[in-house]
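Notebook open, structure loaded. I want to work through the chains, their contacts and a few charged pairs, and jot things down as I go.

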Amino acid sequence: MFSYCTDPSALDGLAWLSCYLTTGNHMLFYASFGTVLLLLAITAPVALLFGFGGAMASRSRIAGVRWFGRIYTSMVRGVPDIIFFLFVPIALDQAFEWLRSRVYCDPSVPVRQGNEFIVCAAAKLPLSTSPEWVHQAYGIFLAVIAFAVVFGAFAANVLHGAMNAVPHAQLETAEAYGMSPRQVNRRILIPQMWTYALPGLANLWMILIKATPLLFVLGVEDIVYWARELGGAKTRAYAYPHPDWRLYYFLAILVFYLLMTWGSERFFDRIRARLSRGQATAAGEAMRKAAP
Amino acid sequence: MKKLMLAAAAFALTAGMGMAQTVRIATEGAYPPYNFINDQGQVAGFEVDLGNELCKRAELQCTWVKNDWDSIIPNLVSANYDAIMAAMSINEERKQVIAFTEDYLPPAPSSYVALEEGANLETGIVAVQTGTVQASHVADTQATMLEYPNIDQVFAAVRNGEADAAFGDHEVMRPFVEDSEDLIFVGEQVHLDEGIGIGVRQSDNELREKLNAAINAMKQDGSQNELIKKHFGEDAQTYE
């Protein structure tokens, strides 16, 4: 990075540290914070979408759809997260490769040969010729799906509860005005449920932030991976030898996560205030009285 | 949700057709001097130099993949990559699941490391890296075994007193011991394996043949021994 960094062994003190903290390795470490933020930014809306679908399904008038919604929310919530994170990406990956192998490969060759799962080169996902970033992106894509399935189930439960909390008299009034069930949903139910759903969703978001180290289980090089890798004792085989510094790296990550939760708290407080305006809830009532 | 699933399926099906084969080689990246992550964030070490040379001789296109040690064999078997070069000793247990090329390093000695000379190696607590030949060896002795996912944590266990001694590959432990002021080698060295080879899938005979030919050529013209000496020092064990 700096011109004086060519021979790290001759440096000491601040100069050494400034070179050490700007190695290619550390740049990747800093970039991995972006990976985590990106995952959060993509997963949260997708999980909300899954949750919304699940909640609508479990309220459906068609029995089959209702069962699907109920089974999805109760089953996924009952299985430990880590099992899901190990299962979903592997299952999805093999399912995609199997599908592709039916199209691009000779279908008479079985995919399972003894203990091996092999598809022909053309059906590999990503292709073995693809650059490394494609493999990384594919890993993140699978991680997003796994996160969305798990957190979608929790969100579905929260939203389902919130939908039930909307005063029933309002829905009946809407029907009495001649609105169709679809119109009732869109005009009365959905706009009103957010104020009831927000505490539960805020809670889920906090849990989602804390769950991102599970990325590491999925083989995505996130901040936990790099903290462990960079913090581990380095012998003279490396340009910057140092003893076990994992404590300091994990401390930095701790600060990052605390800042994230602190920021989220403030953000949700503002939304909560915005959504409570004019609502027939305790918070809305308090706002009405406080207004001059 | 339906649209999303369709989009995902479409993405999966259309993501390009295959061209020339690239051989993806997995390594752990946490086992210097065999393999490690250098300051540029890339894999480096003896095996990376050797692997690149072998690929050049066998006229293969190779890329490197980092993978944790404990899942390195399952991911080979499910074809996430095509070969393993991660200081993996050839032994019977592994041969049941994967195939090996000829050895590219002669059988390496394993050593005990402890904080003091009198450490109890026979019936005490010994720390090892999980899934290594050293772990199988300790499991067969009277000692209580503690397993850790990487070599760093093995040393940490000895330092903080969780374990009486650590047991591992001599060449990997040597720099740690020489750098430190507290750790020392204790007891006798043990010879465990049949050398270190490249792990490939059992069905992948073509790749194994190509790599074998390249390894044998390097052993014959002496370049293999040169590479070993470059990374492990002049006293390292070489081929005759």
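**Ground rules.** For elements I use DSSP runs numbered from the N terminus: helices are H or I runs of at least four residues, strands are E runs of at least two. With that, I get nine helices and 13 strands in chain B. This is a predicted model, so local features need pLDDT of at least 70 and side-chain atom pairs count only at pLDDT 80 or more, while totals for chains, interfaces and linings use all residues. Residues are numbered from 1 along each chain as its sequence is written, chains are lettered from A and ligands numbered from 1 in the order in which they are written, and side-chain values use heavy atoms, with hydrogens and water left out.

**Chain B, overall.** I looked up the extent of the C-alpha trace of chain B, and along its principal axes it spans about 65 × 55 × 35 Å. For burial I take under 20% relative accessible area as buried, over 50% as exposed and anything in between as partly exposed (1.4 Å probe, protein chains only). By that rule 56% of the 240 residues in chain B are buried. A contact means heavy atoms within 4.5 Å. Of the contacts in chain B between residues at least 6 apart in sequence, 69% join residues at least 24 apart.

**Helix α5 of chain B.** Which residues of α5 (residues 133–140) are buried? I find Val133(B), Gln134(B), Ala135(B) and Val138(B). Their cover includes α4, β8 (109–114), β9 (125–129), β10 (144–148) and β11 (165–169) of chain B.

**Two domains in chain B.** The bounds come from an automatic or database domain assignment. Domain 1 is 17–106 + 194–232, and domain 2 is 109–191. Their C-alpha centres lie 25 Å apart, and the contact takes 13 residues from each of domain 1 and domain 2 of chain B. Buried area is the accessible area (1.4 Å probe) that two parts lose on being put together, summed over both. Here the two domains bury about 1,000 Å², 53% of it on carbon and sulfur atoms. On the domain 1 side, Tyr31(B), Trp69(B) and Phe232(B) lose the most area, together 43% of what that side buries.

**Chain A against chain B.** The contact takes 46 residues from chain A and 43 residues from chain B. Chains A and B bury about 3,800 Å² between them, with carbon and sulfur atoms giving 53%. Glu116(A), Thr235(A) and Tyr238(A) supply 13% of what chain A buries there, more than any other three residues. I count two salt bridges across; Arg228(A) with Asp68(B) is a salt bridge, 3.8 Å N to O. Polar contacts come to 11 residue pairs. The largest share of the chain A side, seven residues, comes from α4(A).

**Arg100(A).** Arg100(A) sits in that helix, α4 (residues 81–104) of chain A. It is buried yet has no salt bridge: the nearest side chain of opposite charge, Glu97(A), is 6.8 Å away. For charges, Lys and Arg count as positive, Asp and Glu as negative, and His and the chain ends are not counted. What does the side chain of Arg100(A) reach? I get the backbone oxygen of Ala122(A), at 3.1 Å.

**Salt bridges.** Asp49(B) and Lys230(B) meet at 3.3 Å, N to O. Asp49(B) lies in α2 (residues 46–57) and Lys230(B) in α9 (residues 223–232) of chain B, so the pair ties together parts 181 residues apart in sequence. Lys230(B) is exposed at 59%, while Asp49(B) is partly exposed at 28%. Last entry: Glu53(B), Lys56(B), Arg57(B) and Asp221(B) are linked in a salt-bridge network.

Definitions and conventions
Salt bridge = Lys/Arg side-chain N within 4 Å of Asp/Glu carboxyl O. Polar contact = N/O pair within 3.5 Å; in protein donor to acceptor, adjacent residues only side chain to side chain.
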